[in-house]
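Q: Could you walk me through reading a single residue in a model? I would like the general idea, then the case in hand.

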Amino acid sequence: MYEKTFPNKRFKLTLEFLQKHIKTSETILDLGVENPFSKIMKEAGYSVNNTTGEDLDLNQDSLKNDNSDVVTAFEIFEHLLNPFTILNEIKSDKLLISIPMRLWFSPAYRSKTDMWDRHYHEFEDWQLDWLLEKTGWKIIDRQKWTNPVKKFGLRPFLRSFTNRYYIVYAEKIKIAD
């Protein structure tokens, strides 16, 4: 996936955001198979387990059987048909989630060769906020950033100042008995 480009800026900002909110003593379940960023988290001292590649839309057993302190979902919710169910199944009280934001000047991403590399959802920030609220999460912190590219043209120009990524730290709302 990252053969030609490596998202250094996104990974750097994501790690800084993670370190701001999560201690290395806390265990993490990272949704999705092991990837370059889960390796970066481990190198930074975090204890990270990943899901095993199961279709999380159909099978949430890895969430139901997990006792991690934190769940991370970096660049995965846009691939899911039903993120509402996933958010409801998380047992952890802490969540970090990042998404690529919907760009008005670009269509939803779809790989023609890899069925897992497709975006079903292209979120705007308010849509993710609402989804988190409806599933019992309170947003504690959020951040956005751009993704400029070194190309010429209208889209590369727009990417230089249009926010492309959105990251959120949320905690599960405690319901009083």
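Q: With which side chain does the side chain of Glu-26 make a polar contact?
A: A polar contact is a pair of N or O atoms within 3.5 Å; within protein, one must be able to donate a hydrogen and the other to accept it, and residues adjacent in sequence count only if both atoms are side-chain atoms. Here the partner of Glu-26 is the side chain of Lys-94, at 2.6 Å. The Glu-26 side chain also reaches the backbone nitrogen of Lys-23, at 2.8 Å.

Q: What kind of model is this, and how are residues numbered?
A: This is a predicted model: local features need pLDDT of at least 70, side-chain atom pairs count only at pLDDT 80 or more, and totals for chains, interfaces and linings use all residues. Residues are numbered from 1 along each chain as its sequence is written, and side-chain values use heavy atoms, leaving out hydrogens and water.

Q: Is Glu-26 buried or exposed?
A: Buried means under 20% relative accessible area and exposed over 50%, with partly exposed in between (1.4 Å probe, protein chains only). Glu-26 counts as buried because its relative accessibility is 9%.

Q: Which residues does Glu-26 touch?
A: Contact means heavy atoms within 4.5 Å. Leaving aside residues up to four places away in sequence, Glu-26 touches His-21, Ser-47, Asp-69, Val-70 and Lys-94.

Q: Where is the place of Glu-26 among the elements?
A: Helices (H or I, at least four residues) and strands (E, at least two) are DSSP runs, numbered from the N terminus. Glu-26 is in the loop between α1 (8-21) and β1 (27-30).
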